[in-house]
Amino acid sequence: MRGTKRYLWLFVLVTVMIMVSSTVVGDGRIAFSSDREACCDPAIFSMSEDGEPPPAIRMTKTDEPSVHNPKITYDSTKLLYDTGSEIWMTDFPGPGETPVKLVGSTNSPARHVDALEYVHDGKRDLYILFTSRIPVPGEPLVDRIWRATVDMDLEELVSGSLVLMSPVENLAFDQKHPAFCGDDHFVWVHNSSYDLEICYREFDKNGPIGVMTCWNGGPADQGVADEYPTCSSNGRLLAWARAEVDPEYNGTFDIWVRWTDDSFPFFNTTPGTHDSNEIMSEFGPGDLQVAYASDEPAAGEPSNDDFELYKQNWSGAGLPVQLTDNDDQDLSPSWAPVLLP
Ligand SMILES: [Ca+2]
Ligand SMILES: [Ca+2]
Ligand SMILES: [Ca+2]
Ligand SMILES: [Ca+2]
C-alpha cells in the first residue's frame, strides 16, 4: 500500500508540473557519444529528442581522438566534450566549425565537463565544472573538482579563474563527475571510505561555501556505488545511477531521483530493470523527463546488449521510449532545447 501511495503522489506532482510547464516547447536535441562509425574512434553525435531515425549527425571531426561526455551549454549554442585528458568546445548545433581546447593536458588530465551561464558586469560567460588531476602542492595527486570561467567572446579560459571546488576532507580519495545544480549549487561523486556517494554544496563567485551534504554513503550503504549525478535546471531534483543491493538485480545500476531539499523520500525510477544497467541520466527541457543509457537486452537476446539511449518521465510513470537501436555503445546523453537553422 505504501508503494501505491507513493506513486499516487508522484503522479499528482508530475501532472501539476506538466500543467505549469506547458509553455515549454519541444524540438530538443540530444547530444551523445557513440562508437557507431567503423572507421573511427568514439565521437559525439546529435539527434532529435524523438530518437532515430532520422540518423544522428556527427558533431565532432573524424580526425579528433576518442571523445566522450558531451554537454550542450545553457543557450544551446556550444557543445563541450572531453578526450579523456582535454576539454574542448565547438559550435552547436553545428557541425563543421573548428573546435577550441579549453583546459587539460596529459599531465593534468581534465574530463567530465558541465557548464552554467555566468553573468558578471552585464556580460554572459560560462562557468565550467570538471574533474582534473591538476597538482596541488604538498597533496596526493588525485581527481578533484575544479571550476573555471570561459570568456565567450575570446572562447578561452579567463586567466586566474581556476577554483578548487572539491573538499579538503578525504584528500586521498578521488572526486569526480561534477554537475551544476541550479545556479548556486553543484553535485559530484565523492569516494568515501565506504563507497561512492553523491555530495552537494553551495558555491559563490569565490568557490564553495557552507557545509557539504552527502547522500548514500557511510556504513549503512557500504558496497553500493552511487554515480553520474545530474540535476534539474532549477536544482530541485537530483537524478543519479545507483547499483542495486537486492541480489535479484545482479548488482545492476538503476536511475534514482531525490529532492535536493529532502522534502520527499528518494526513489528508484527504473525499478523494472533487474537485468540491465541504467546510467548517465540527464534532465530534458522543462525538467519533465530524463534521458539515460541502458544495456537492456534486445528482444530475444539472453544477456546484456550494447548501450542504447532511452527517455522517460523521471517519476517512473509511463513507459520508457527507446531512442537508438544498433550494435554500438550509445552513451552520455545531453538534452537541450534547440532552434534548428
Ligand atoms: Ca553509496
Ligand atoms: Ca537496472
Ligand atoms: Ca547501441
Ligand atoms: Ca543494441
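Residues are counted from 1 along each chain as its sequence is written, while chains are lettered from A and ligands numbered from 1 in the order in which they are written. As the model is predicted, local features need pLDDT of at least 70 and side-chain atom pairs count only at pLDDT 80 or more, whereas totals for chains, interfaces and linings use all residues.

Some 42% of the 341 residues come out as buried, that is, with 20 or more other C-beta atoms within 10 Å of their own, against 12 or fewer for exposed and anything in between for partly exposed, with C-beta atoms placed from the backbone. Contacts call for C-beta atoms, placed from the backbone, within 7 Å. Of those between residues at least 6 apart in sequence, 47% link residues at least 24 apart.

Now for the sheets. Strands of a sheet pair through backbone hydrogen bonds, either parallel or antiparallel; here, pairing takes at least two DSSP bridges between two strands. One open sheet lines up 4 strands as β3-β2-β1-β25, with antiparallel pairing. Its edges are β3 (57-58) and β25 (330-337), each of which pairs on one side only. Between β1 (residues 28-34) and β25 there are 6 bridges.

Ser34 belongs to β1 and sits opposite Asp330 of β25. Ser34 counts as buried because 22 other C-beta atoms lie within 10 Å. Setting aside residues up to four places away in sequence, Ser34 touches Pro42, Ala43, Phe45, Asp328, Gln329 and Asp330. Arg58, 24 residues from Ser34 in sequence, is 9.5 Å away from it, C-alpha to C-alpha.

Elsewhere, β21 (residues 278-283) is mostly covered, with 6 of its 6 residues buried. Antiparallel to it runs β22 (residues 289-294), joined by 4 bridges, and Phe283 has Val290 of β22 as its bridge partner. The hairpin of these two strands leaves 5 residues between them, and Gly286 takes a positive phi near 80° there.

As for the nonpolar core (buried Ala, Val, Leu, Ile, Met, Phe, Trp, Tyr and Cys residues joined through C-beta atoms within 7 Å), the largest one has 73 residues, and Leu80, Ile128 and Val187 touch the most other members. Beyond its neighbours within four places in sequence, Leu80 has contacts including Ile87, Trp88, Met89, Val113 and Ile128.

Terms used. Contact = placed C-beta atoms within 7 Å.
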